[in-house]
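Please keep the structure open while reading.

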Amino acid sequence: MTDTIQHADFLIIGAGMAGASCAYFLAPHGSVILLEREDQPGYHTTGRSAALYIESYGNAAIRALNRAGKPFFLNPPEGFAQDPILTPRGSLTIAEADQVDALEAAYAEQAKSIKGLEIVEGQRLLDLFPAIDPQKTVRGLYDPNDMDMDVHALHWGFIRGMRDRGGKLVTDADVRGLARSADGWSVETRAGTFAAPVVINAAGAWADEIGKMAGAKPIGLVPKRRTAFTFDPPEGLDPDKLPAVVNVNEDWYVKPEAGRFLGSPADETPSLPTDAQPEDLDLAIAVDRIENATTLKVGRFHSRWAGLRSFVSDKTPVVGFEPGLEGFFWLAGQGGYGIQTSAGLGMTSAALARGAALPEEVASQGLKASDLAPDRPALADAAYFTG
């Protein structure tokens, strides 16, 4: 630790995907210091994501951010990553007899903006995913456009790019205090003291806690635990050639993962900010749902983990300056969409944090800054989550 105060134009608290992407797009416009509480960035939610790029996923604001960032993912700047960020996968949403209406409604909504969707039945279902149980699943919605995302390559592409543009990453920098003066913000951490006119709160599940330290109003952030595990496929079935599969009620999913399957009960259990760990009950629920809906047998877990996905009441990210608290900027509430919205949200937050208009890539998708603002009506009655 040093007694020297390190200065920058922008201090970003949290080096997960949100903070790293914001830092990347901000770095050409001023000096940036990216502060991370752990000894490595992405330890919590970012590093525990089973990411798919699903253009239709989320509410209208999320879908707009998805679309805005897609060109970046498909054609990142030279040297950003050695391997493609997006690779073909496809997804299959399945329904039992009493869920067909929900599937048809999903198709009607998604077909408004997505081409190539296909309602599938019978042998076509089995051709797409041979582990479907035809005695239970009667119909599916296949989207060939959905893609795998290389989370590690994307995250470190943002961090390397930030550094190449003059930005600095500081780890082991757990925030211990924030103070506002006439000169700007001072942030006390384990790694020393940092100062800047603008502090960007990208602290993930801890964002409301950081906001409270700064004197900001709560945004009502609720971290929610999501459990996942990997298991072996049955003999003769190659997962890497299959789409991801999700039940139309979104109460379980399986996704090919490096020669195995990744499974989840798609749980959203409210939790205080913490180093989330998988619960035996959630694992058992997931196994039961997957084995009852398919012919897959989980057997034993190769790995298992949990992460926190943080939501506000309207499930739309909170991006913008806190009214009445000069220089304090929110970048929080990405929920389960933080990886696939990272490029769109990174360019959005970087523009708003320096007082610029929304980037054309984002504005052209129909999104407005007021849709993301911390003082939007949907958050008017927000309170701190107490578990």
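The axes of helix α1 (residues 17-26) and helix α8 (residues 342-353) come within 8 Å of each other and cross at roughly 55°. That angle makes α1 oblique to α8. The model is predicted.

**The α1–α8 packing**
- Two packed helices are described by the angle between their axes and the distance between the axes.
- The α1 and α8 crossing is right-handed.
- On the α1 side, the contact residues are M17, S21, C22, F25 and L26.
- On the α8 side, they meet S342, A343, G346, M347, S349 and A350.
- By type, the residues of this α1–α8 contact are seven nonpolar, four polar and no charged.

**Burial of α1**
- Ten of the ten residues of α1 are buried, so the helix is largely enclosed by the rest of the structure.
- The buried residues of α1 are M17, A18, G19, A20, S21, C22, A23, Y24, F25 and L26.
- Among them are M17, S21, C22, F25 and L26, which meet residues of α8.

**Loop residue S271**
- S271 sits in the loop between β19 (269-270) and α7 (280-293).
- Is S271 buried or exposed? Its relative accessibility is 13%, so S271 counts as buried, the cut-off being under 20%.
- Which residues does S271 contact, leaving aside neighbours within four places in sequence? S271 is in contact with P223, L308 and F385.

Note on methods
Residues numbered from 1 in each chain as written. Predicted model: local features only at pLDDT ≥ 70, side-chain atom pairs only at ≥ 80, totals over all residues. Heavy atoms only, no water. Axes fitted to C-alpha atoms, helices over the stretch in contact; angles between N-to-C directions. Helix = DSSP H or I, 4+ residues; strand = E, 2+ residues; numbered from the N terminus. Parallel < 35°, antiparallel > 145°, perpendicular 65-115°, else oblique. Left-handed = near helix turned anticlockwise from the far one by under 90°. Contact = heavy atoms within 4.5 Å. Nonpolar A, V, L, I, M, F, W, Y, C, P; charged D, E, K, R; others polar. Buried < 20%, exposed > 50% of the residue type's maximum accessible area, 1.4 Å probe, protein only.
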